[in-house]
Structures are given as structure tokens and as C-alpha cells.
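Here's a quick walk through one protein model, from the overall picture down to a few local spots. Have the viewer open as you read.

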Amino acid sequence: MIRRPPRSTQSRSSAASDVYKRQVHGQGLDIAGGSDGFKPYKFETLAEICSKLSDENPTVWGDVRCRIVNVTHLRDTPLYFAACPQCNRKATNEGRVWKCNYCNRYLEKEPEQRYRLPVSLVDSTGEVQAILFDPGATTLVGFSATEFARRDRERPDAPLIALREKLRGRDVFLRIKFAIETLDIETKIRVSVFRAQIMSYADVNRLLLNQLTELMES
């Protein structure tokens, strides 16, 4: 049963709150984990990170334990893009040369591909649609976007099918960014992921042990 995420005790602007209610839907999943790679950071829920958004603070970062529901790919929408080696933004092909409009320069050689994977993420407080970028995407997929593009040319759709099978239902640790964006009169929250790691059973056991220890000491 879909339910609204619990109300946060932290303040949030009304604009961000309204967008959050439209974009995040609670699913009641119980996910736990922990990781040496993310050990220096405190894990939060999706709702907790989003609750920090406001008109004065339109971009927030956080580390979260969650589950990948699916790779929500739309046909004819590439899962990767040619990236400028300097800024990692999209480069455009102008015939025989490639150009980065952000850096305003022509590239010396054909750029490498970088991932842009649309995914559905869920934890105990809600579900969001996010874009998974490198280097986190390469970590989860297991090989580069350039290699993915090569396989996609040789066997169209086969890499996507394998990717969905690999990532669907996987519990992961993510470094995630929530940002309020306004285009014309429409305001929405864009969710991006740049760092990722698949959760292992050892991670789950470690966290459960830590939680048990905290309960015994309290």
C-alpha cells in the first residue's frame, strides 16, 4: 500500500514540501546496511535528506542505504553520453570534431562515454526517481559506459536487459544529491547519484550488530 512518508521534524520550505509530496511515495521497505567505503559518513533516509531542502538551501547532499527498484529507461533515450574529459559534461558532435559548449573548446579526440542511468530508488521512507552518474554507475554496472555502448551497438537492447537483471532489487549505498530546480513556472526536485556501492551480507550483519550493541548500551 502506498503511503505518504512520515512528516519530518526539520523545517522545509512549502515549495520544496509540495514537490516532495508529488515525487516521493512511501513503500514501507525495511533496508539495513553498512560499509567500510562509506564508514566516515552518517547514513540518512531519503526523506531526511530531502527535508533539508529550502529556498535558502536548494541543494543538499547525503549518504543513504536504499534499494534499486528498476532501471527506468525510456526507448530512444541513451543510457550514456559523450563527455568532455575536462568538465565531464555532454560534448556534441559537429561533423568531424567534438565540442564542449560548457568549456567552449573543441576536443582533440573522440570523447569517452559516461553513464546516465535513470533509476527508481526506495527506502523505508519513500521512493524517488534519480539519475545515476559516474563514477558510481561504473561501480554498479561493472564496466565502463564506453564498453556498454560498444555492446549496445553489437547487440541492441541486450546490455539493457542484462543491466536490469543485475541491478533490480539490489540494496546499495549511495552518495546522493537533491536539488530544487525551476524551469519557467514549474518547480521540481532533481535527484542525482555520483557514488555507489552494492551492499553485501557482511555489511548488513555489521550494521545489525552495531544497532544491537547500541540498544544494549542504552
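## The big picture

The protein has 6 helices and 10 strands. Keep in mind that this is a predicted model. Of its 218 residues, 41% count as buried.

Strand β9 (residues 171–183) has a partner in β2 (59–71). The two pair in the antiparallel sense, over 9 bridges.

Val172 stands opposite Ile198 in β10. These two strands make a hairpin with 2 residues between them, and Asp184 in the turn has a positive phi of about 60°.

## Helix α5 and its buried face

Helix α5 covers residues 158–167, and its buried residues are Pro159, Leu160, Leu163 and Leu167. Viewed down the helix axis, they fall within an arc of 95°, so they line one face of α5. As background, an α-helix has 3.6 residues a turn, so residues three or four places apart point the same way.

What do the buried residues of α5 pack against? Their partners are β2, β7, α3 (136–141) and α4 (145–154). After α5 comes Gly169, with a positive phi near 80°.

## Cysteines

How many disulfides are there? The count comes to 0, with a disulfide taken as a pair of cysteine sulfur atoms within 2.5 Å. Cys87 is in no disulfide, since the nearest cysteine sulfur, that of Cys100, is 3.6 Å away and the cut-off is 2.5 Å.

Is Cys87 buried or exposed? With 17% relative accessibility, Cys87 counts as buried, because the cut-off is under 20%. Cys50 is buried too, at 0% relative accessibility.

## An exposed loop residue

Glu108 sits in the loop between β6 (105–106) and β7 (113–123). Its relative accessible area is 83%, so Glu108 is exposed, the cut-off being over 50%. The C-alpha atoms of Glu108 and Trp98 are separated by 7.9 Å, with the two residues 10 apart along the chain.

Notes
Residues numbered from 1 in each chain as written. Predicted model: local features only at pLDDT ≥ 70, side-chain atom pairs only at ≥ 80, totals over all residues. Heavy atoms only, no water. Buried < 20%, exposed > 50% of the residue type's maximum accessible area, 1.4 Å probe, protein only. Helix = DSSP H or I, 4+ residues; strand = E, 2+ residues; numbered from the N terminus. Arc of directions from axis to C-beta. Contact = heavy atoms within 4.5 Å. Pairing = 2+ DSSP bridges.
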